[in-house]
Amino acid sequence: MVAVLFCITLISSAGVGLVNMITVEPIAEAKQKAVNDAVLAVLPAFDDKKIDELEIDAMPIKVYTATAEGKTIGYAVETMTKKGFGGVVKLMVGFAPTGEVLNVNVLQQAETPGLGTKMCDEGNPLISSIKGQNLESKKLVNGMLAVTKDGGDVDALTAATISSRAYVDAVNRAYMAYKSVANGTEPTDVSSGASKVESAQKGGNNE
């Protein structure tokens, strides 16, 4: 009986491993296509792009600088937050060279259907509150974009405040990354407001 169970387990494990080997590459290709499509969706037409990889709040952020005829025409920022009602939310946020939000594309979310998932809907209150605007001109709370319930002026999704806050948190991180690449400044953490240089200095002082 032990031998039979061992064989069954071995065969099952081998089957799972085989399926994983077969599917891992197509899954990776599908994810990359989704990212590429999102970049195209949030920016004007471009000829080329370069990628800068940053880390803000210990999260990986990518900035795609798009150019046309040698001139920068926009920045697409692949950003994320871990504050969603259902966990991680990933966005692609497009910025004009002058800082206005061009568009937002939701890459990943696991929010409540019919509530938080409305962040994916075209023209939803969240995107309508920031599209075409420079975030510096918004009503900021501690220097950050915020929903109206928290003192800001971003309209939240109905009955989905946590999801709305997560969306705004990811956009704040995207804006920090955009400013870092566009202006050559040290990226600032959204959660603490401290740069990596400041954080390192504080750590050294504490020791």
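A residue counts as buried when its relative accessible area is under 20%. The legends below apply this cut-off to a predicted model.

**Figure 1. Overall arrangement of the predicted model.** The protein contains four helices and five strands. Along the sequence these elements follow the pattern α-β-β-β-β-β-α-α-α. Of the 207 residues, 37% count as buried.

**Figure 2. An aromatic pair between strand β3 and helix α3.** Four aromatic pairs are found in a search of the whole structure. One of them joins Y75 and Y178 in an edge-to-face arrangement, with 5.4 Å from centre to centre and 70 degrees between the planes. The two partners come from distant parts of the chain: Y75 belongs to strand β3 (residues 71-84) and Y178 to helix α3, a separation of 103 residues. Y178 has a relative accessible area of 5% and is therefore buried, the limit being 20%. Y75, at 9%, is likewise buried. Together with F95 and Y175, the residues Y75 and Y178 make up one aromatic cluster.

**Figure 3. Helix α3 and the residue that follows it.** Helix α3 covers residues 161-183, a run of 23 residues. At 1.5 Å a residue the helix should span 33 Å, and its end C-alpha atoms lie 32 Å apart, so the two values agree. The expected span is 1.5 Å times one less than the number of residues. After α3 comes G184, which has a positive phi near 75 degrees.

**Figure 4. The hairpin of strands β4 and β5.** Strand β4 (residues 87-95) pairs with strand β5 (residues 101-108) in the antiparallel sense, over six bridges. Within this pairing, M92 has N105 of β5 as its bridge partner. Five residues lie between the strands of the hairpin, and G99 adopts a positive phi near 105 degrees.

**Figure 5. The largest pocket.** This pocket holds about 350 Å³ of space. Its lining comprises 15 residues, of which V35, E78, K90, L107 and Q108 are the closest to the centre. Two or more lining residues come from each of α1 (2-42), β2 (59-68), β3 and β5. The largest share, five residues, is supplied by α1. By class, the lining of the largest pocket consists of eight nonpolar, three polar and four charged residues.

**Figure 6. The second largest pocket.** About 270 Å³ of space lies in the second largest pocket. Of its 14 lining residues, M144, L145, A146, D169 and N172 lie nearest the centre. Helix α3 gives the largest share of this lining, with four residues. The lining of the second largest pocket divides into seven nonpolar, three polar and four charged residues.

**Figure 7. D155 in the loop between α2 and α3.** D155 is located in the loop that runs between α2 (125-130) and α3. Its relative accessibility is 41%, so D155 counts as partly exposed, a class that lies between the limits of 20% and 50%. The C-alpha atoms of D155 and I130 are 9.4 Å apart in space, while the two residues are 25 residues apart in sequence.

Definitions and conventions. Residues numbered from 1 in each chain as written. Predicted model: local features only at pLDDT ≥ 70, side-chain atom pairs only at ≥ 80, totals over all residues. Heavy atoms only, no water. Pairing = 2+ DSSP bridges. Phe/Tyr/Trp six-rings, centres within 6.5 Å; stacked < 30°, edge-to-face > 60°. Buried < 20%, exposed > 50% of the residue type's maximum accessible area, 1.4 Å probe, protein only. 1 Å grid on protein atoms, 1.4 Å probe; cavity = no way out; pocket = protein on both sides within 12 Å on 5 of 7 lines; lining within 4 Å. Points joined across faces, edges and corners; volume = space filled by probe spheres on them. Nonpolar A, V, L, I, M, F, W, Y, C, P; charged D, E, K, R; others polar.
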